[in-house]
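The following exercises concern one protein chain. Each consists of a task and a solution worked out in steps.

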Amino acid sequence: MDTVGVAMMVGEWFAGYIIDKLVSFVASHVSDHWDLLTDVEEKLKEIQDRLPRIQAVIHAAEGRPIRDPALVNWLRQIKEAAYEADDLLDEIEFVKNLFVSDDELKRLKDLLGDVDKIYSEIDRKKVELDEDNAKHAASIRETSSFTQEVVFGRDKEREKILEMLLSSGNDADFRNKGAGSSSHASLGVLPIVGIGGVGKTTLAQIIYNDPRVADHFELRKWVYVSNDFNVKRIARDLEGEMASDSRPDHISLDTQLSNLSRATTAKRFLFVLDDVWDEAGRKWMELRSALTYGNRGSTVLITTQSPLVAQVMGTMDQIELKLLEESDYWRLFEHCSFGKVVGSLLHARLEEQYWKMIQESEWWENDFVLENILPSLGLSYQHLSSNVKQCFAFTAMFPKGHIFDKEQLVQMWIAQGFVRPGTQRGRMTMEDIGNQIFDELTCRYFFLRTINERYMIHDLIRELAVYISRDECFVIDDEFSKIPPTARHLTVIRTAKLDTLAELSKLHKVRTLVFYRDYHPEDFFSLGENSSRKFYESLEGILKNLKKLRILDLSYMRIDIKTLPSATCDLSHLRYLDISSTKIRRLPESFSKIYHLQVLILKRCWIKKLPAGMNRLIKMRHLHADADTISLVDGIGRLTDLQELVEFRITRKRGHQIGELKELRNIRRRLDIHNLECVESQEEALEAKLKDKEHLDHLKLYFKEATRSQGDIEKDILEGLEPHCNLKRLLIQNYGGLNSPCWLEKNYLTNLESIHLNCCARWEDLPPLGHLPFLMDIFILNLPVRRIGAKFYGDADQIFPSLQELQFHTLNELEEWSESDSRPIFPCLRKMRIENCLKLRRIHVLPLTMKQLDIKNSGYIGNALSEYLLTLTSLTFLELNKCSQRASVSLYNLRVLENLRLIECQELTLIGGLQSLTNLKNILIEKCPKLIEPAQMPMQPYVEQELRFLCTVWIDEYVLKHVWAILGRTPCIQVLRIHHCYVLSHFYPDQEEWFQQLTALNLLEFHMCPKLRKLPSSLGNAASIKIFKIVDCPNIESLPHNGLPFLVQNLEMHRCIKLKDRCRKDDGTDWPLISNIPNINIDGELIQRSELV
């Protein structure tokens, strides 16, 4: 049975796009070839007129299985014609013909003839498709309110919905809880949204049939909506048995809505609309008008796969159903249900082995799946626009479990021509449009977010992509025979043998070839010394035959080939090449022939020399390489389509001067400009035209330190580097001028969010920044600033209205930081760090809402510390480091403090200790010998558990000496590090007693205790410790005689000379005390390792 949905990869968008390109091409050449191209032009105009009908037929075929082989073949012909046209136009542009060759004309006329033949059958094919779709519609899935009484993994969501529904009549805020809030106070709309098959309908059924819901609502009704939001039908179904039996069968829409309105007036109702797809919302607005007369608490519960529907219709916070946990899926299997998707395949066959067999099979080969799963999952696909469908289907070429990088995939879509600028998209780039497509697919659950801005596709959704593109997209292992000649997008995984790889040469239509992650043939290492040469020859042969290749990805290949095959340079269609993290060190000399190349990725390739003419690759949009490699490109300014240039190094050499930046108007994101000392005048700096680069977000300007004795020249240069007002982040380093450039003095960079000024040895006056409305981050390092005051604040009514983080570092001359008169300042400041500002005496502007304060090596500030800490009651993080002035401070008011770091504050005394810090979680104290004065020492140690949330503690011998007085009873500690104890030799009884009360301790470490001879004798009784570390404690003589805690799983010792000898495996004196520990690491050597790790 042939069930290949071949139309999926074309769509009306691709066909229309290619025909538009053909028309444009012929129109531009017709004057030169009037006698030859007039017939072609007339034929193209005919095709343009016919295009809407072609598009309509393709649209009718999308998203459904097509069983008729003749119809499949006809749709495939449309696709082949579109691809052939695309290739032809590409080749003509590649050779840059001033005339059209006879061969190209013949190919063009043959192509148009093929399209003409295709069109001659369109009426018959349209009838066949309509009949097929009618059969599909007749068997469409429908739901009801009846269900089993068991639902798995949805307890939290169920209880949340029940709480919302059952309290609805009493909640004053009931109708205003989300996007799309209704102005009708009596009607709430609660969306349940999630991917197809995740269990939305089942959950809604459970809610609908709950006895409490039945008691709460006077009226309940369930309507299955699906793709056809027929207002009249839905209204009639909702009215249901409430209507009179004598009503006429045919009434107007207005009459039907009036009837529904009367039936629901003054009643509290719950209506469920299952599987809604009305994304425009117009039909819903009609229906809603009849539902606004019910009693308070009336609710419409909708289920939908579309987040847009939830946003348009919902008045309450939506319930988003995520994928079930694995344990919930197996419980579902045992109960013979798979989120209402595949469970009924196995109504009586519940063996785990059988489930695994089903999981590994090609599920589209099963009739039940085609008739039941595809309609459920495929509805989301059918609601995508045609080019978005293409982008999704393309993902089928990647293996199951693949982690997607958004930027990389978008660039691949662009390389394949799936993304193109539209007339209604304004000035958006193709990358912007591609990102929109990706975001739409994510919003509709085709992509799922993982960590670090990566994405994946759920296995069921991937199978949908495989189904709709199964004649084009393949993952090749070692079963090459399954790949048909129609294949266009291939990923080769490591199980493929070298002989299998050679078979790729037969697939002449391939457009994408990816060697997947750490690729090497399965039999590679058995080929001996010539293995790399054999692979190179095989790859060269493949590339000679795959002339239509647009994407080639060799990244992370583990094969030792030093040079990219020269056949790559003959790939006239190639747009995307990735050789990152390979051993390739050289590109072919004719590399610049790859005219259409848009993306070149050379990261971690260590290429020392590039071939001549790299600046002829004028289609290049993305050049990803290290800065050393990019600096090898002569005349990079000719690559005017470049979207990013992370680093540009200026030299006096031609092709590397700052003027190369002039035409790079499309540069986005970040640009680092180094060696600005090589610029000789303001006029030369102006050649960079940074002011024209409106898409640039982040600019870094680097001079070399102390390269000129006169800062006036650098002042002129900086004036010439004025950026566009859209700039968000700015760094200036080693600038030698006395003053700020005019563009920083004036209210020009109004979008600036971050500014860093580093190591500018003569810059005495900070620019006025307080008026910038979006500035969130200021970092000033090593400037000779003497005072901060009115000029820095500017003339705004509110000073630094958005600033969140302020850091002053190594301002050696800073003495004065004045107040801000009566104007409000720093309303949003959360973090302040003052480091190495030795002359600064006071900080006059400390907002009470600040969360984090770091003061390091700024001695004079210590005199005012007590005053500061009485008022900063919102602090959650406090670090005092090298505050040398004598200071007595109280932390009593810091009730929300969670992190405390006190380091090398030799004269610091805490009044009242730490016991008031009831929310403290993490503490580090080091070299603060006067923390508790003898006169303040409590008569009795703290035996109550005051620091009840304390989790991580790093302390030295000064704290350990008075541990009961400073920390008290703290059984909640999970991580304890005793470090930098240069006098400590053993533990006293009160310290031993303190160790014994640490009942939650998970990790214990002794670090840098050079005189310590004995560990606490009570360690063996500390049952909770699982990780035990001893580092740089050379004089510990032995382990405690009763051993280490019996639950210890990991033991580490580093540079503990005496212990190392005693813990020698099998024959060491202390080995019996630790032989039961699964993992033992001594000086980096794994002495013992558990098989489970």
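**Exercise 1.** Determine which residues Thr-442 is in contact with, leaving aside its neighbours within four places in sequence.

*Solution.* Step 1: contact means heavy atoms within 4.5 Å. Step 2: with neighbours within four places in sequence left aside, Thr-442 is in contact with Phe-447, Arg-449 and Tyr-455. Step 3: Thr-442 lies in helix H18; helices (H or I, at least four residues) and strands (E, at least two) are DSSP runs, numbered from the N terminus. Step 4: the relative accessibility of Thr-442 is 10%, so this residue counts as buried. Buried means under 20% relative accessible area, exposed over 50%, and partly exposed in between (1.4 Å probe, protein chains only).

The model is predicted: local features need pLDDT of at least 70, side-chain atom pairs count only at pLDDT 80 or more, and totals for chains, interfaces and linings use all residues. Residues are numbered from 1 along each chain as its sequence is written, and side-chain values use heavy atoms, with hydrogens and water left out.

**Exercise 2.** Describe how helix H16 packs with helix H18.

*Solution.* Step 1: two packed helices are described by the angle between their axes and the distance between the axes. Axes are lines fitted to C-alpha atoms, for helices over the stretch in contact, and angles run from 0 to 180 degrees between N-to-C directions. Step 2: for H16 (residues 386-394) and H18 (residues 430-443), the angle is about 75 degrees and the axes are 10 Å apart. Step 3: H16 is therefore roughly perpendicular to H18. Angles under 35 degrees count as roughly parallel, over 145 as roughly antiparallel, 65 to 115 as roughly perpendicular and the rest as oblique. Step 4: H16 contributes Asn-387, Val-388, Cys-391 and Phe-392 to the contact, while H18 contributes Ile-437, Glu-440 and Leu-441. Step 5: these residues divide into 5 nonpolar, 1 polar and 1 charged. Ala, Val, Leu, Ile, Met, Phe, Trp, Tyr, Cys and Pro count as nonpolar, Asp, Glu, Lys and Arg as charged, and the others, Gly among them, as polar.

**Exercise 3.** Describe how helix H17 packs with H18.

*Solution.* Step 1: H17 (residues 406-415) and H18 pack at about 115 degrees, with axes 9 Å apart. Step 2: their crossing is right-handed; a crossing is left-handed if the near helix is turned anticlockwise from the far one by less than a right angle, and right-handed if clockwise. Step 3: on the H17 side the residues are Lys-406, Leu-409, Val-410, Trp-413 and Ile-414, and they meet residues of H18 that include Met-430, Gly-434, Ile-437 and Phe-438. Step 4: the residues of this contact comprise 8 nonpolar, 2 polar and 3 charged.

**Exercise 4.** State the phi values of Tyr-556 and Thr-810, and decide whether each residue is buried or exposed, or in between.

*Solution.* Step 1: most residues other than glycine have a negative phi. Step 2: Tyr-556, which is not a glycine, has a positive phi of about 65 degrees. Tyr-556 is in the loop between strands E12 (551-553) and E13 (576-578), and its relative accessibility of 39% counts as partly exposed. Step 3: Thr-810, not a glycine either, has a positive phi of about 55 degrees. Thr-810 is in the loop between strands E23 (805-809) and E24 (816-817), and at 17% relative accessibility Thr-810 counts as buried.
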